[in-house]
Amino acid sequence: MEHIPLLIGIVVVTALVFDFTNGFHDTANAMATTISTGAMKPRAAVAMSAVLNLAGAFLSVEVAKTISGGIIDEASGIRPEVIFAGLVGAIVWNLVTWLKGLPSSSSHALFGGLIGATIVSVGPDAVNGSAVAMKVLIPAVAAPIVAGLASMAATRLTYRITRNSDEAATTKGYRAGQIGSAALVSLAHGTNDAQKTMGVITLALIAGGVLAPGANPPTWVIVSAGLAIALGTYLGGWRIIRTMGKGLTDIRPAQGFSAQTGAAAVILSASNLGFALSTTQVCSGSVMGSGLGRKGGTVRWSTAGRMAVAWVLTLPAAALVAAAAALLAVQGTWGIAVVAVLGIAAATAIRIASRRKPVDHSNVNDFEHVPAVKTAMTTAA
C-alpha cells in the first residue's frame, strides 16, 4: 500500500463511510421485490446481496475511471479537503433520504457533492460539463425509462406465456426465478456503485500526489470499497426496502422477476460502457414498469411523485451541503475539524430520529397502504 498522509487517510475513511451508506441505502434495489413477495426471508436476502455486491466490485473499473478522471478535472488543482467536503454532502443527503424511506440516488448525491465542493473551491471550469451531461444527466433521464419499458414488456410477456398454467406452480417457479434475478441485480450493483467509491478514493490519491494522474484504483482500494458496500448492504436499508417493495405497487412473483431482470440488464450494460448511472432510479423504474405491465396492476403515484421530487433535488441538495462544507474545509485544519464534527452531529441526529419509528427485518413488509391509482394499461393475457 502507498504511503498515505493523514488528510488523505481521512478522505479515504470518509469515502468508505459513504460506500457503507450507499450499501444500506441501495439494498432495496436488489432485494425489495424478493422480500415483499416472500421469495426469500429478509435476513437471507440481504446476506446474499452483500456477498454478490462484494463480488461485483472486482468485475470492472470502467465506472471508477469515469469518477476519478471524467467528472472532475484532475489537473484543476482540486485538493483532498475538497473531496472530503463533497463526501460529507453526499453522506448527509443519503441519511436524510434514508430516514424518509425515499429511494433517492446515492450516485447523484456523490456527484452533486463533488461538483458543489469543486465549484466553490476551484471554480466551475474544473467540472467537465460534457462528461456530466453524457455520463450522468442523460443516463439519469433515460435509464429509468428504458428499465421501466423493458420491465413492463417482460411482465406482459410473462403473463401471456403462463396464462393457461397452474397459478400455484408458476408462482413457485417465479419465486425461484426472483432469487436468481435478485442475485444478478446485486452483482450488477457491485459493478456500478462500489466503483464510484473506488473512483473517489483514486481521485483523492491523485490529488494528494500518491498516484499518478490516470491511474487505475489499486487493489487495496477495490477490496476496501467492496467490503464497505457489502457490510452496508448486509445491515439492510429496511425503510427503503419497504417503500420499494410495498409502497410503489403490489408486486407478485412474476412482476418481481421481470422487474429485477430488466434492471440487471440495464445496470450491467451501463457498467460496461462506463456510465455511472443511478441503480436506484433504474430499479424504481423497473418496479413501476412491472406495475403497469400486469392486467389490473396498480401504481401508487403519490409515492412515485415523492420519489421523483427526491431524484430532482438530490444532486443540487448534496451540492449545496458540500459547497458549504467546502467553504469551511479549505480554511485549514480547523475547518476540516468543524466539517467533521458537524457531519457526525447530523448523522447522530438522524439516527436518533430513526429510532422513533424503527423499521427492521421483522416489520419491513408492514406497509400502510394508500389508495392506488389503477392504470389504464392491461396485458394481453
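Predicted model: local features only at pLDDT ≥ 70, side-chain atom pairs only at ≥ 80, totals over all residues.
Let me begin with the chain as a whole. Of its 381 residues, 57% count as buried. Among contacts between residues at least 6 apart in sequence, 87% join residues at least 24 apart.

I turn next to helix 6, which covers residues 129-161 and has 33 residues. From its first C-alpha to its last it reaches 46 Å, close to the 48 Å expected at 1.5 Å a residue. Helix 6 also bends, by about 45°, and the bend is at P139.

Now to a residue of helix 12, T314; that helix runs over residues 301-329. Is T314 buried or exposed? Its relative accessible area is 1%, and because buried means under 20%, T314 is buried. Two polar contacts of its side chain deserve mention. One, of 2.9 Å, joins the side chains of T314 and W93. The other takes the side chain of T314 to the backbone oxygen of A310, at 2.6 Å. Which residues does T314 contact, once neighbours within four places in sequence are left aside? They are W93, S104, S105, H108 and A109.

Finally, the aromatic rings. A search of the whole structure finds zero aromatic pairs.

Thank you for your attention.

Methods: Residues numbered from 1 in each chain as written. Heavy atoms only, no water. Helix = DSSP H or I, 4+ residues; strand = E, 2+ residues; numbered from the N terminus. Expected span 1.5 Å × (residues − 1). Bend = angle between axes of the 7 residues up to and from the residue. Phe/Tyr/Trp six-rings, centres within 6.5 Å; stacked < 30°, edge-to-face > 60°. Buried < 20%, exposed > 50% of the residue type's maximum accessible area, 1.4 Å probe, protein only. Polar contact = N/O pair within 3.5 Å; in protein donor to acceptor, adjacent residues only side chain to side chain. Contact = heavy atoms within 4.5 Å.
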